[in-house]
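Please look over the chain shown here.

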Amino acid sequence: MEKLSLFLGCIVPNRYPGIEKATKLCLQKLEIDAADLPGASCCPAPGVFKSFNKATWLALASRNIVLSEKMERDILTVCNGCYGSLADANLELKKSPELRECTNRCLKEIGMEFQGTAEVRHIVEFLYKELGPERLKEYVTIPLDLKVALHYGCHLIKPSRDRKLGETDAPVFFDELVEATGAKSVDYTDKMMCCGAGGGVRSGHAAESLEMLEHKLACIRKAGVDCIVNACPFCHLQFDRGQLAVNERYGTDYSIPVLHYSQLLGLALGFSPYELGIEQNAVQNIEFLAKIYEISAGLR
Amino acid sequence: MSEELPKVLKAAGLDLLSCMQCGTCTGSCPSGRHTGLNTRRILRDARKNRTAILSDDALWLCTTCYTCQERCPRNIPITDALLELRRLAVKEGFMLPEHRRISEMVMECGHAVPLDEETKQKREELGLDSIPETVQKYPEALQEVKNLLKACKFDELTAEK
């Protein structure tokens, strides 16, 4: 299926609408057909729902998948959590007739049936596989002279048994997409480490979650970058709002700008930080914004 | 706890018997470096049917990053097993209050993180509709989600016991 439906999830439309806007602008520019998915709900959040009850997790996830099946479109996610939840549920339901029967019994209550005709995609793996860094470069109008700390996030690539995106200790495909924008993806200590938010830890154990984040931020600062780039709004929220919480808790002064890949790509495609909602972040870093405006104006 | 942990895990296709307690999981764990989570010990205790692990908060310190599962030399799906243990814990009534609130949020508005006034304004600034194209915009879709959760008896599962 070449046609996609854009699955928003919770954090993108309800906390970081800049990521929604940036994604729509990029998809349009790249001439990728992605329609809205009206009536979609929480994916549901893998950390909490998958941890609670498998039948409920599968039922809610399958409803979202069925909405896309009805539109005869594959689902496009912009969040590692949504991707993990929906792709895992889709796989389990396609694989197991028993789970499918059980889930369809629940779905029958709302007049739906899971058919197994749609695929679940993540924008990063989609762009990499369907377009590739070389073709993406052709669309870039403003090469970004930026040093980036890339955070893959966990559920984009793991479990590798199901994701099949290669090895997980030092993957390169996402770095290649970052570098297609002209930016340099800088290596840093514990690059593949989790941001500390997932699995219900940010909500259930806030202090421990911030401790993991602080470690990650310290490693990133040492690398001397202009910004952090992620592919997951939950990691994004952890890095952005979490940075302020870390500063408050540890007396640090982190002020590292945080961009979703759609926003980084959006800059390279010629959109402004304002259009892409980058200025709506909790972290306000004037120097970074000035640098972006200088790059856009051809002054750097 | 009437059921035996190893049996439940095995029925879910998660056999812990091949675990040799090497500790690669704990050594790889980003949470365990900073918190009280000791994955190796949880696996050992589960195998010995020590059900006290179900009521231990440490079970909820795992971020489900899957690093332990990727690195396990015996290819044990460790994170999957941990999620199964969490589901057993919930069945026994162990749930953090914050997680209960998130469940209630989804039952009420279809989102774990619902729209707020501040974000509505941000959406408008970006030229987006103030209400996104999700369940929040369509009352009949929200009713569907509520009915579906009810069909799964999710309200009973997450009710305080």
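A:Ala149 stands opposite A:Ile228 in E7(A). This is a predicted model. The pairing of E5(A) with strand E7 of chain A, residues 227-230, is parallel and runs over three bridges.

E5 of chain A covers residues 147-150 and also pairs with strand E6 of chain A, residues 184-185. That pairing is parallel too, over two bridges. Here A:Val148 stands opposite A:Ser185 in E6(A).

## Overall fold

Chain A holds 14 helices and eight strands. Its radius of gyration is 19 Å, and the globule rule gives 19 Å for 300 residues, so chain A is as compact as a globular protein of that length.

The C-alpha trace of chain A spans about 60 × 45 × 35 Å along its principal axes.

## Burial and contacts

How much of chain A is buried? Of its 300 residues, 66% are buried. Contacts reach across the sequence as well. Take those in chain A between residues at least 6 apart in sequence: 76% of them join residues at least 24 apart.

## Surface and charge

Chain A has an accessible surface of about 10700 Å². Carbon and sulfur atoms account for 50% of that surface.

Chain A carries 34 positive and 39 negative charges.

Terms used: Residues are numbered from 1 along each chain as its sequence is written. Chains are lettered from A and ligands numbered from 1 in the order in which they are written. This is a predicted model: local features need pLDDT of at least 70, side-chain atom pairs count only at pLDDT 80 or more; totals for chains, interfaces and linings use all residues. Side-chain values use heavy atoms; hydrogens and water are left out. Helices (H or I, at least four residues) and strands (E, at least two) are DSSP runs, numbered from the N terminus. The radius of gyration is taken over C-alpha atoms; the globule rule is 2.2 Å times the number of residues to the power 0.38. Buried means under 20% relative accessible area, exposed over 50%, partly exposed in between (1.4 Å probe, protein chains only). Contact means heavy atoms within 4.5 Å. Accessible areas come from the Shrake-Rupley method with a 1.4 Å probe; for residues, only the protein chains shown count as cover. Lys and Arg count as positive and Asp and Glu as negative; His and the chain ends are not counted. The place of a charge is taken as NZ of Lys, CZ of Arg, CG of Asp or CD of Glu. Two strands pair if DSSP finds at least two bridges between them.
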